[in-house]
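The sequence and the model come first.

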Amino acid sequence: MKFNIKQIAEILEGTIEGDSSVEVSKLSKIEEGTTGSLSFLSNAKYTPYLYTTEASAVIVNKDFIVEQPVSCSLIRVEDSYNAFSKLLEFYQMAKMNKQGIEQPSFIDETATYGDGLYLAAFSYVGANVKIGDNVKIFSNVNIGSNVTIGDNSIIHAGANIMSDTVMGKNVVINSGCVIGADGFGFAPNKDGTFKKVPQIGNVVLEDNVDVGALTTIDRATLGSTIIKAGVKLDNQIQVAHNVEIGENTVIAAQTGIAGSTKIGKNCKIGGQVGIAGHIVIEDFVNIQAQSGIGRRLKEGETVQGSPAFDFGDWNRSYVLFKNFRKIESRISTLEKK
C-alpha cells in the first residue's frame, strides 16, 4: 500500500516541511529507515538519526528545531509519538480491510452473517452460527455450532471457537487459541480410575476483549466461563472452567487460573502466576510475576511470592533470605563464643 505524505499529514492534522509529493509504503524505526518508509522522532536521544536516516519522511513535533540539513520530508504535529501511534492504527485497519468469502471454505446453511464479512480459505462455520458486521475470520479457523460473534471482531488463523461460545463486539482472538474446550472435570472411581464429568456450559467474551496466541479458555461445567469487557490476555494463558475475570483486567503470559476462581476488575497479573481454584481476587489487585495465589486477595492488595504475601514484606524478607548463609555463619560464630 502506498500513501502520499500529504494524505498522511491530513490524517494527523499536521503540516509538511519539504516535498509533499513523496510517497511511502511502509513504517520503520528512524535508525532503520529506507527509501519509501515513514518514521517518527519523539525521543531526543534519537535526534542524530534524523540527519542520517534514509526514510522518505519523518514525523516530528511542531516545536522541534532542525539544526542540520535533512534529506527527508518532515511532517510536523503536536505530539509525534501519539501521531505515529494513530498512524499504526490506521495502517493496521488498512491491512485488515478485507472482505469476501474465499474458497475452499464452508458455511452451514443455517448460519447467518452481516455486512463486510471476510472468511479466508479453509475455514469452517458451523450450524446456527450468528456473525455480526465487519467480522474478519482468517484461514484454518473452526467456528463450532451455535456460536455468536459480535461486530468488528477478528479471529486470526488457526483458532478454534468451540460450540455455544458468545463473543461481543471488537473481540480479537489470536492464532492458535482454543475458546470453549472442555473443562478439566473428572470424578474419581473406587478403583482409582477417573470418570469424565460432562462440560455443558459455554464461554462468554464481552466487548473489547483481546486474547493472545495459544491461550485456552475452557467452557463451564454448568453456566458460563466469563471474560468481561476490556480484558486483555497475553499469550499462552490457561483459564479453567467457570472462571470469571472482571472488566479491564490484564494478565501476562503463562499464567494459569484454576476452576471457579473469580477475579475482579482492573487487576494486573504478571507472567507465570499460578492461581488456585474456588478463590476470589477482588478489584484493583496487583500480582507480581511467578507468584502462587492460594487465598482470597482483598481490594487493592499488591502481592508477590509463592505462597504470595504483601509485596513490601516480600521484598524485606527476600533481603534476609538472600543473606541467610551469612546470617547463619554469624549465629554459629556467636554460639561457639
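An open sheet is formed by 5 strands in the order S2-S7-S6-S5-S4, with mixed pairing. Strands are DSSP E runs of at least two residues and helices are H or I runs of at least four, both numbered from the N terminus; two strands pair if DSSP finds at least two bridges between them. The edge strands, S2 (15-17) and S4 (26-27), each pair on one side only. S4 runs parallel to strand S5 (residues 37-40), and 2 bridges join them. Leu 27 has Leu 38 as its bridge partner in S5.

The model is predicted: local features need pLDDT of at least 70 and side-chain atom pairs count only at pLDDT 80 or more, while totals for chains, interfaces and linings use all residues. Residues are numbered from 1 along each chain as its sequence is written, and side-chain values use heavy atoms, with hydrogens and water left out.

Helix H1 (residues 5-12) lies across S2, S5, strand S6 (57-61) and strand S7 (73-77), at about 10 degrees to S7. Such angles run from 0 to 180 degrees between N-to-C directions, with axes fitted to C-alpha atoms, for helices over the stretch in contact; contact means heavy atoms within 4.5 Å.

Helix H5 (residues 324-336) has 13 residues, and the count of buried ones among them is 0. Buried means under 20% relative accessible area, exposed over 50%, and partly exposed in between (1.4 Å probe, protein chains only).

The largest nonpolar core has 48 residues, and those with the most contacts inside it are Ile 155, Ile 173, Ile 245 and Ile 293. A separate, second core of 14 residues includes Val 24, Leu 38, Ile 75 and Leu 87. A nonpolar core is a set of buried Ala, Val, Leu, Ile, Met, Phe, Trp, Tyr and Cys residues joined through side-chain atoms within 4.5 Å. Leaving out residues up to four places away in sequence, Ile 173 touches residues including Ile 154, His 156, Met 167 and Leu 205.

The count of disulfides (pairs of cysteine sulfur atoms within 2.5 Å) is 0.

| Residue | Phi | Relative accessible area |
|---|---|---|
| Glu 13 | about 55 degrees | 68%, exposed |
| Asn 128 | about 60 degrees | 42%, partly exposed |

Glu 13 lies in the loop between H1 and S2, and Asn 128 in the loop between strand S12 (124-125) and strand S13 (130-131). The peptide bond from Gln 103 to Pro 104 is cis, with omega near 5 degrees. Pro 104 is in the loop between strand S8 (100-101) and strand S9 (106-107).
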